[in-house]
Amino acid sequence: MLYVVATPIGNLEDITFRAVRTLGEVDLVAAEDTRRTAKLLTHYRISRPMVSLREHNEHRETPRLVARLAAGASVALVSDAGTPGISDPGARLVRATRDAGIRVVPIPGPSAVVAALSASGYPADRFRFLGFPPATGQARTEWFRALAREADTVVFFEAPHRIERSLSDLAEWLVNRPYTCVREVTKVHEELVDKPMSVAPIPAIGEFTIVIGPREQVPESEDALAEAVEMVEYLTNKLSTDSQLAIRRAATAFGVTERTLRKRHKLARYRREP
C-alpha cells in the first residue's frame with residue numbers, strides 16, 4: 001500500500017510516532033528531495049531505500065512506483081515538509097495508485113496552514129487556502145483581485161524573494177484589512193507580524209505563510225458610500241488609476257458592492273458636470 005506521510009515543517013520533533021514507525025517499516029520512501037529526507041531519517045535512525053519523486057519527474061516515476069506497489073511493495077510518500085500533495089508533489093501518484101485499486105493510507109501530521117491559522121487568532125471555521133500566488137503578469141493581478149473579494153479567512157504561501165512585493169500588493173489591494181505574516185513557523189527564527197497594525201519590517205528570509213482575517217460584514221451606509229466615492233475620485237484623479245480598478249479597491253476598503261459604488265460614482269460625476 002501507499003502511505004502518504006506528513007513530515008515536520010521545521011522542528012524535527014514535530015512528527016508522530018505513527019509516521020516514524022511507518023517510515024521505518026516500508027520497503028521504499030518516495031521523497032521530493034532525497035537529501036532533505038535523508039536528514040530526517042538519520043535523525044530517527046531509520047535506514048530505508050529512497051527514490052526521488054519531485055514536480056519535474058512525477059509524470060515519469062509514477063507508473064514505476066505504481067508497478068512496485070502492485071507487485072506488493074509498501075511505499076511511503078513524503079515531501080520536503082508537511083503533507084504531500086498540498087502545494088507539493090504527490091497528487092499524481094496518489095490518484096494513479098487509487099485508480100489501480102491499491103490502498104492509500106494517510107498519515108497526518110504537521111501543517112503550516114493549520115499552524116499559522118491557530119496562531120493568527122482569526123476565525124477558522126471557514127477559510128480558503130490559495131497556495132502560492134503567480135509570480136508575475138496578469139495572472140498575478142487577477143489572483144490578488146480575486147483575493148480582495150474573498151470574505152472569509154484566507155491562507156497562502158509566499159517565497160522569500162517575493163515576500164516584500166506581496167506585502168506591498170496586500171497593502172494596495174486589501175487597504176486596512178488585517179492579516180498576519182508568519183515566518184519560519186516551528187523553526188528557531190519563528191516570527192509572527194500583524195499587518196497593517198505593525199509597521200515593523202519582516203526579514204525576507206525563510207518560508208512565509210500569510211493569514212488574512214475575514215472581511216468585516218457591515219451593511220452599506222451612506223457614510224461608507226460617500227467615503228468610497230471620495231477614494232475613487234482620489235485614485236482616478238490624483239494617481240491616474242483605472243476607474244474600474246479604483247472602484248474595486250474602494251468597494252473592498254469600505255465594504256460596499258462594486259455595483260452600488262459604480263452607480264454612486266456616476267451620479268457624483270453627473271452632479272458636478274455643468
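## The buried side of helix 7

Let's start with helix 7 (residues 163–174), whose buried residues are Ile163, Ser166, Leu167, Asp169, Leu170, Trp173 and Leu174. Buried means under 20% relative accessible area, with a 1.4 Å probe and protein chains only. These residues cover an arc of only 160° around the axis, which puts them on the same side of helix 7; the arc is that of the directions from the helix axis to the C-beta atoms. Helices here are DSSP runs of H or I with at least four residues, and strands are runs of E with at least two, numbered from the N terminus.

This is a predicted model, in which local features need pLDDT of at least 70 and side-chain atom pairs count only at pLDDT 80 or more, while totals for chains, interfaces and linings use all residues. Residues are numbered from 1 along each chain as its sequence is written, and side-chain values use heavy atoms, leaving out hydrogens and water.

## What helix 7 packs against

Which elements do the buried residues of helix 7 pack against? They meet helix 6 (137–149), strand 7 (153–158), strand 8 (179–183), strand 10 (208–212) and helix 9 (243–254). Take Leu167: leaving aside neighbours within four places in sequence, Leu167 is in contact (heavy atoms within 4.5 Å) with Tyr179, Cys181 and Ile202.

## Two nonpolar cores

A nonpolar core is a set of buried Ala, Val, Leu, Ile, Met, Phe, Trp, Tyr and Cys residues joined through side-chain atoms within 4.5 Å. The largest one has 19 residues, and among those touching the most other members are Leu167, Leu170 and Phe156. Helix 7 gives the largest share of this core, 5 residues. A second, separate core of 15 residues includes Val29, Ala31, Val105 and Ile107.

Now for the strands. Strands of a sheet pair through backbone hydrogen bonds, either parallel or antiparallel. Two strands count as paired if DSSP finds at least two bridges between them. Strand 6 runs parallel to strand 7, joined by 3 bridges, and Phe127 has Thr153 in strand 7 as its bridge partner.

## Strand 4, covered on both faces

Strand 4 (residues 75–78) is buried on both faces, with Val75 and Leu77 on one side and Ala76 and Val78 on the other. Strand 1 (residues 2–5) runs parallel to strand 4 and is joined to it by 3 bridges, with Leu2 opposite Val75. Strand 2 (residues 28–31) also pairs with strand 4 in the parallel sense, over 4 bridges; here Ala30 has Leu77 as its bridge partner.

Methods: Buried < 20%, exposed > 50% of the residue type's maximum accessible area, 1.4 Å probe, protein only.
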